[in-house]
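Good morning. Please have the sequence and the model open, and I will go through a few places in turn.

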Amino acid sequence: MSRNTVGILIVMIAYLAVMIMIGILYSRRNKDVSDFYLGGRRLGPIVTAMSAEASDMSSWLLMGLPGVAYLSGCAEAVWTAVGLAIGTYLNWLIVAKRLRRYSVKANNAITIPEFFSNRFHDKSHSLMAISAVIIVIFFVPYTASGFSACGKLFGTLFGVNYLPAMLIAAVIIVAYTTMGGFLAACTTDLIQSIVMTIALVVVVFFGVHVAGGFDAVMDNARSMPGYLSVTHIFDIDTYTSSPYSGLTIASLLAWGLGYFGMPHVLLRFMGIKDENKIKLSRRIATIWVCIAMAIAILIGIIGSGMTQAGAIQLLGTSAESETLLIQTAMLLSNNGLFPIILAGLILAGILACTMSTADSQLLAAASSVSQNILCDCFGLKLSKRASMIVARLTVIVIAVVAVIFARNPDSSVFRIVSFAWAGFGASFGAVMLFSLFWKRMNRNGALAGMLVGAGMVFVWKYLIAPIGGVLGIYELLPAFICSVIAIIVVSLVTAPPDEEIVQEFESVGAPQE
């Protein structure tokens, strides 16, 4: 192992040690499951904002988005980023404050399934059970992809076997999540968002330098047909461009719809201490997301300039293009001690964005099993101490299942990430919006919207989209629309909600800015 690699390893170990220390620190603050899963609703505005966005971005921000821009130009990357930016802003604007207020009114719900059940006074617990199962179905493989990303990062950098590298990463994530719960996950997410930001900024300045300056970067980008266009997509194999259809653009913008159903993001809204500070959180979150995604796209463009200048080799496939930041970090590490530290921070940033998503997914899935299925649906009565033990054991069990999913480095688990995003957006997105803002919606409508949305994701992905043509669009958009239709139709053809439910809805009031 070279001196540079050893230096990078030391930086990353120090970073991981800080994550464990945070878990130990917050382990003493968890008095009951409300603290463990929602932090006792004590999150400040900055932690809420940055935790929500760090847990959302995952390794997609530092690997996926720059890779797409590097390989095919601006069109796909920009429209995806625009959809996510709009979705981020609207989620904070119309959902955050009302969900924070309504979740307290709905018998102090601490999980998304519990909120849905309490919102409609569902004594059968069918809403809670179905939503909890959906969360587990989509989150276990999603978490596995995070474990796998960490394992591949360690394995590639340090020449170790994939399986032990993945297991070490999983153990570290599980350790601080199990000890510290929601507060530890949110605090580490804040730190991880800072590390991610540092990584992005360092790569931009270093990349521009080795590419020969910003003018050289832009001259290279302009030399490739359609590379800087948002209406054409560049093909690196044929060195030509083709038009980007309006339907494809709409499909990419639909990524923003997924935010309304993301349990790990919605839980941050429920956990904020002061609803009046949500406006500040919204501004911080939206600004950070927009800047971070813009820089990530710029890094892809800069990376192409670095290839043209001969600083890095051509990354001609999707898998290769996603290693752009790793290649840049290793190049940077050849320039002395301080650059080695910066390179370590860049690679820690990749690790950070993966871990910040995995810990949140673990908590959301674990709360669905231990709190919603075992305690609420099956009526398991536990003391505060026993509840905490069960909560922590559930995190460990789900992590073990995720490790089993991630054990094969050549598995297709990464393909499930976009599918899981569609699954949550279609299953919960429309249901959440109508639950918060439509008084006439009833339990049957919520069930129909949830089941139709989840089912249509599978139907569209595996039966309709393969037909191709105009039908070959991202499954979230048609599944979300079907969920909306199901909610409206079923709610209107079945009995209206009880007067008690209506009064509770009206008592929440419209959030004031």
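Predicted model: local features only at pLDDT ≥ 70, side-chain atom pairs only at ≥ 80, totals over all residues.

What does F147 belong to? Together with L61, F147 has the most contacts inside the largest nonpolar core, a set of 156 residues. Which helix gives the most to this core? That is helix α8, residues 162–210, which contributes 17 residues.

Now the chain as a whole. The protein chain has 513 residues, and 58% of them count as buried. The chain contains 20 helices and two strands. Take the contacts with a separation of 6 or more: 83% of them are between residues 24 or more positions apart. The accessible surface comes to about 19400 Å², and carbon and sulfur atoms account for 67% of that surface.

Next, a helix to look at on its own. Is helix α4 largely enclosed or largely open? Helix α4 runs over residues 64–72, and eight of its nine residues are buried, so the rest of the structure largely encloses it. The buried ones are G64, L65, P66, G67, A69, Y70, L71 and S72. After α4 comes G73, which has a positive phi, near 90°.

Staying with positive phi, there are two further cases, and neither is a glycine. H121 has a phi of about 50°, and H125 has one near 65°. Where do they sit? H121 is in the loop between α6, residues 112–119, and α7. H125 is found in the loop between α6 and α7 as well. Are these two buried, or partly exposed? H121 counts as partly exposed because its relative accessibility is 25%, and buried would need a value under 20%. H125, at 27%, also counts as partly exposed.

R443 is in helix α18, which covers residues 443–464. Setting aside residues up to four places away in sequence, R443 touches F120, D122, S124, S126 and L127. Take S126 from that list: R443 and S126 are 317 residues apart in sequence, while their C-alpha atoms are 9.4 Å apart. R443 has a relative accessible area of 28%, so it is partly exposed.

I130 lies in helix α7. Which residues does I130 contact, apart from its neighbours within four places in sequence? They are L447, M450 and L451. Along the chain, I130 and M450 are 320 residues apart, and their C-alpha atoms are separated by 8.3 Å. I130 is partly exposed, with 25% relative accessibility.

On to empty space. Rolling a probe the size of a water molecule over the atoms shows where such space is left. The second largest pocket holds about 190 Å³. It is lined by 11 residues, and those closest to its centre are L9, F154, F158, A165 and I168. What kinds of residue make up the lining? The lining has 11 nonpolar residues, no polar ones and no charged ones. Helices α1 (3–27), α7 (126–158) and α8 each supply at least two lining residues. Helix α8 gives the most to this lining, with four residues.

N220 is in helix α9, residues 214–223. N220 has a relative accessible area of 7%, so it is buried. Apart from neighbours within four places in sequence, N220 is in contact with S304, G305 and Q308.

A495 is the other one. A495 lies in the loop between α19 (476–493) and α20 (499–508). Its relative accessible area is 55%, so A495 is exposed. Beyond its neighbours within four places in sequence, A495 is in contact with R440 and N442. The C-alpha atoms of A495 and M441 are separated by 9.7 Å, and these two residues are 54 residues apart along the chain.

That is what I had.

Methods. Residues numbered from 1 in each chain as written. Heavy atoms only, no water. Core = buried A, V, L, I, M, F, W, Y, C linked by side-chain atoms within 4.5 Å. Buried < 20%, exposed > 50% of the residue type's maximum accessible area, 1.4 Å probe, protein only. Contact = heavy atoms within 4.5 Å. Areas by Shrake-Rupley, 256 points an atom, 1.4 Å probe, with all protein chains shown as cover. 1 Å grid on protein atoms, 1.4 Å probe; cavity = no way out; pocket = protein on both sides within 12 Å on 5 of 7 lines; lining within 4 Å. Points joined across faces, edges and corners; volume = space filled by probe spheres on them. Nonpolar A, V, L, I, M, F, W, Y, C, P; charged D, E, K, R; others polar.
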